[in-house]
Amino acid sequence: MTPPPLTPPSARNNGVSDGGGGGGGGPDCAGKKIELNHNVTVSSDATGAINEVDVRLNEDELVQIPSKGDSPGFIVARNSWANVTLAPNGAVTVGVTNGVLIEKSAIGAAVTSATFNVDPAAHNNGNFTEVKGAVSVFSLITLGSMDTPSDFLKDKFNESSQLANIFSTLRALMQLINQTFNCAGIKKP
Amino acid sequence: MKRIWIRLTVIAVAIVLSGLAFWHWQMKNFSHSLNSIDVQSTQAVALGAMADLVLDESVLRSLPSREGKGILDQHRTSPTGFDERAMFVSTWKSATSLIKAVSEQQIPADTAISSVTLTQAAPNDRVDAWNSPFCVYSFGSRVVVLSSGDGKNQPQCDSLKKIAKRLSKTVTTEKLVKDQTGIYAVVHPMSPRS
């Protein structure tokens with residue numbers, strides 16, 4: 001798989017915020033990264049509301065999950081972080097630094113991010129609005145760049161009600177976190 | 001010579017057609033596989049990943065070790081423990097959604113209410129992750145939601161009113177907390193962040 005398309009949080013503005021900046025009338029910590037622990041870092045918008053969570057997925061070993069029965073395996077390269085971002089329009093984007101390989105047979109997909117949103121007028125569970133990745137063959141060759149949006153993968157993701165359910169739950173959770181927690185009140189556990 | 005060309009053409013066409021059929025079959029297989037994702041495990045990973053954000057240390061320290069080097073490593077070493085963490089995150093999610101619904105359509109103050117009667121909330125938000133209803137209380141501008149957690153039955157809401165009142169005054173976080181009595185609670189202002 002190709003090298004990380006996203007910058008790991010450790011390479012960005014890491015550590016607990018200590019004032020300054022922010023802007024927009026928000027608290028001093030607004031817009032900064034707060035490291036909760038070894039595995040979790042959060043960021044906030046200009047008002048200080050938490051809108052981004054970075055989670056360490058693994059360290060030294062490649063991980064394959066869950067791969068039960070007929071389900072496809074998700075292969076995550078070592079030292080991967082997941083970045084979950086809630087956009088002002090309510091869309092949730094999940095990105096993985098080194099991409100995720102979804103494979104079950106000869107044809108699979110190498111995906112670096114997926115964006116999901118709910119259109120209230122559509123009266124459904126929501127839709128994927130963008131999927132960045134490429135089709136992979138025998139987990140060896142990716143047909144195209146993993147960093148560019150793929151309409152093919154977006155269509156395939158939208159055909160899966162199970163993926164929609166998972167992203168719908170994650171979106172609702174991120175919205176509640178955004179409405180509940182402010183960077184000024186976030187404490188290290 | 002002509003025969004050889006015909007044979008070669010037939011073989012080439014057969015190879016191309018077989019390749020196309022194989023490709024089509026694999027694509028169909030791929031689409032099908034996205035619909036056979038192990039939702040439970042994947043959802044547990046997604047929810048459990050947020051545990052450090054929405055669960056208070058009083059809850060986290062009673063859960064199995066978090067010593068793995070990343071959440072997938074933790075999930076791999078202790079899937080049951082990770083699932084349990086996801087259950088508490090799910091409980092926080094339902095309780096917080098319930099409080100939001102209650103904030104929009106107020107409930108009687110100083111009264112013990114079972115969440116099953118709160119029809120202003122979505123059915124999924126009226127129960128914790130173990131499918132037991134919550135006990136809900138409103139004290140002044142604060143709402144307290146209690147869960148017995150761990151798959152126990154719904155607590156007797158009237159008998160927990162004193163505990164709920166104490167928690168409404170002492171809990172300073174909006175995370176899910178575990179009281180010394182073993183009861184789990186989410187305490188929020190009537191309208192979060194307003």
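**Where the two chains meet**

Reply: The contact takes 38 residues from chain B and 45 residues from chain A, where two residues are in contact if their C-beta atoms, placed from the backbone, lie within 7 Å. This is a predicted model, in which local features need pLDDT of at least 70 and side-chain atom pairs count only at pLDDT 80 or more, while totals for chains, interfaces and linings use all residues. Residues are numbered from 1 along each chain as its sequence is written, and chains are lettered from A and ligands numbered from 1 in the order in which they are written.

Me: How do the residues on the side of chain B that touches chain A divide into nonpolar, polar and charged?

Reply: Ala, Val, Leu, Ile, Met, Phe, Trp, Tyr, Cys and Pro count as nonpolar, Asp, Glu, Lys and Arg as charged, and the others, Gly among them, as polar. On the side of chain B that touches chain A, the residues divide into 16 nonpolar, 13 polar and nine charged.

Me: Is helix 2 of chain A roughly parallel or oblique to helix 2 of chain B?

Reply: Helices here are DSSP runs (H or I, at least four residues) and strands are runs of E (at least two), numbered from the N terminus. Helix 2 of chain A and helix 2 of chain B pack at an angle of about 20°, with their axes 10 Å apart; axes are lines fitted to C-alpha atoms, for helices over the stretch in contact, and angles run from 0 to 180 degrees between N-to-C directions. Angles under 35 degrees count as roughly parallel, over 145 as roughly antiparallel, 65 to 115 as roughly perpendicular and the rest as oblique. The angle therefore makes helix 2 of chain A, relative to helix 2 of chain B, roughly parallel.

Me: Is the crossing of helix 2 of chain A and helix 6 of chain B left-handed or right-handed?

Reply: The axes of helix 2 (residues 161–180) of chain A and helix 6 (residues 79–104) of chain B come within 10 Å and cross at roughly 60°, which makes helix 2 of chain A oblique to helix 6 of chain B. A crossing is left-handed if the near helix is turned anticlockwise from the far one by less than a right angle, and right-handed if clockwise. For helix 2 of chain A and helix 6 of chain B, the crossing is left-handed.

Me: Is Tyr137(B) buried or exposed?

Reply: Tyr137(B) is found in strand 2 (residues 135–139) of chain B, and touches Ala112(B), Val144(B), Lys161(B) and Ala164(B), not counting residues up to four places away in sequence. Because Tyr137(B) has 27 C-beta neighbours inside 10 Å, Tyr137(B) counts as buried.

Me: Is Asn131(B) buried or exposed?

Reply: Asn131(B) sits in the loop between strand 1 (113–114) and strand 2 of chain B, and its phi is near 70°, a positive value in a residue other than glycine. Since 9 other C-beta atoms lie within 10 Å, Asn131(B) is exposed.

Definitions and conventions. Buried ≥ 20, exposed ≤ 12 C-beta atoms within 10 Å, placed from the backbone.
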